[in-house]
Amino acid sequence: MPMNSAVPDNRDNFNQIFKLLQGEYPNAEPMLHFKNPLELLVATILSAQCTDKQVNKVTQVLFKRYRNVEDFAEADLTELGKDIYTTGFYHQKAKHIIGSAQLILTEFGGKVPDTMENLLKLPGVGRKTANIVLARGYDIIEGIAVDTHVTRLSQKLGFTTNTDPKKIEIDLMELAEKKDLENLSMTLILHGRNVCIARRPKCGICVVSGLCPSSEA
Ligand code: SF4
């Protein structure tokens, strides 16, 4: 990976930074509620541009109304849109959920796929969602879910100069052990939400300030 941006290469400090952040967020567990891979897939689609808390509020009712893949495949677009309205982008999300459920029925025997290749065939499912479904739904670590927080922190901390999530994923996979990728993603997300906030990072209280090339402290 070429390191040629304003932020210097800081990959040598990765292990130390990761350890410090793990100390800050010892319970970096995913917060979405689900009981099976289908519910996880739906919840993850709903979580785009929405908080996990709000998604959980919506799915608490939704998963009582739609109990299996057939229910979602046969759902009325307008009706489902109303049910998930408060998660935002409801029309697109409803289309993706119905389309995914239909494809799961016709192509995958009614079971949410457990491979990256097949998950990526579902409408609205990119590598980020697929990585989450594989890791949390099937205990398969294929890569790392790269969202806006993971992207921003990886750049600020000098772990990558890339902007494409797929390339950032590869860069992070070179730094962390496979078994730690899920935890790394969650840890960076939590630090991005709580301390290294976009446009107003709280460097003064950041536990990795002394090791961060972007520190403003
Ligand atoms: S020192 Fe500042 S820029 Fe670096 S990770 Fe901490 S909050 Fe973010």
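## Exercises on a predicted model

R65 is a partly exposed residue, with a relative accessibility of 49%, and the model in which it is found is a predicted one.

**Exercise 1.** Identify the residue with which R65 forms a salt bridge, and say where the two partners sit in the chain.

*Solution.* Begin with the side chains: R65 and D83 meet in a salt bridge, at 2.6 Å from N to O. Then place the partners, for R65 belongs to helix 3 while D83 belongs to helix 5 (residues 77-83), and the pair, 18 residues apart, links distant parts of the chain.

**Exercise 2.** Describe the salt bridge between R193 and D52, and decide for each partner whether it is buried, partly exposed or exposed.

*Solution.* First take the distance: the closest N and O atoms of R193 and D52 are 4.0 Å apart. Next consider accessibility, where buried means under 20% and exposed means over 50%. R193 has a relative accessible area of 37%, so R193 is partly exposed, whereas D52 stands at 14% and therefore counts as buried.

**Exercise 3.** Work out how the chain is divided into domains, and describe how domain 1 and domain 2 meet.

*Solution.* The domain assignment gives domain 1 as 11-28 + 144-211 and domain 2 as 37-138. Taken over C-alpha atoms, the centres of domain 1 and domain 2 are separated by 27 Å. Turning to the interface, nine residues of domain 1 are in contact with seven residues of domain 2, and the two domains bury about 630 Å² between them, of which 48% is on carbon and sulfur atoms. On the side of domain 1, A145, E169 and E182 supply 54% of the area buried against domain 2, more than any other three residues. Finally, three salt bridges are found across this interface.

**Exercise 4.** Find the residues with the most contacts inside the largest nonpolar core, and trace the surroundings of F72.

*Solution.* The largest nonpolar core has 36 residues, and those with the most contacts inside it are L62, F72 and L80. Several elements give two or more residues to this core, among them helix 3 (52-65), helix 4 (69-73) and helix 6 (90-107), while the largest share, seven residues, comes from helix 2. For F72, set aside the neighbours within four places in sequence; the residues in contact with F72 then include L38, V42, L62, L80 and I97. A second, separate core, of 27 residues, includes V150, I189, V195 and C206.

Conventions
Residues are numbered from 1 along each chain as its sequence is written. This is a predicted model: local features need pLDDT of at least 70, side-chain atom pairs count only at pLDDT 80 or more; totals for chains, interfaces and linings use all residues. Side-chain values use heavy atoms; hydrogens and water are left out. A nonpolar core is a set of buried Ala, Val, Leu, Ile, Met, Phe, Trp, Tyr and Cys residues joined through side-chain atoms within 4.5 Å. Buried means under 20% relative accessible area, exposed over 50%, partly exposed in between (1.4 Å probe, protein chains only). Helices (H or I, at least four residues) and strands (E, at least two) are DSSP runs, numbered from the N terminus. Contact means heavy atoms within 4.5 Å. Domain bounds come from an automatic or database domain assignment. Buried area is the accessible area (1.4 Å probe) that two parts lose on being put together, summed over both.
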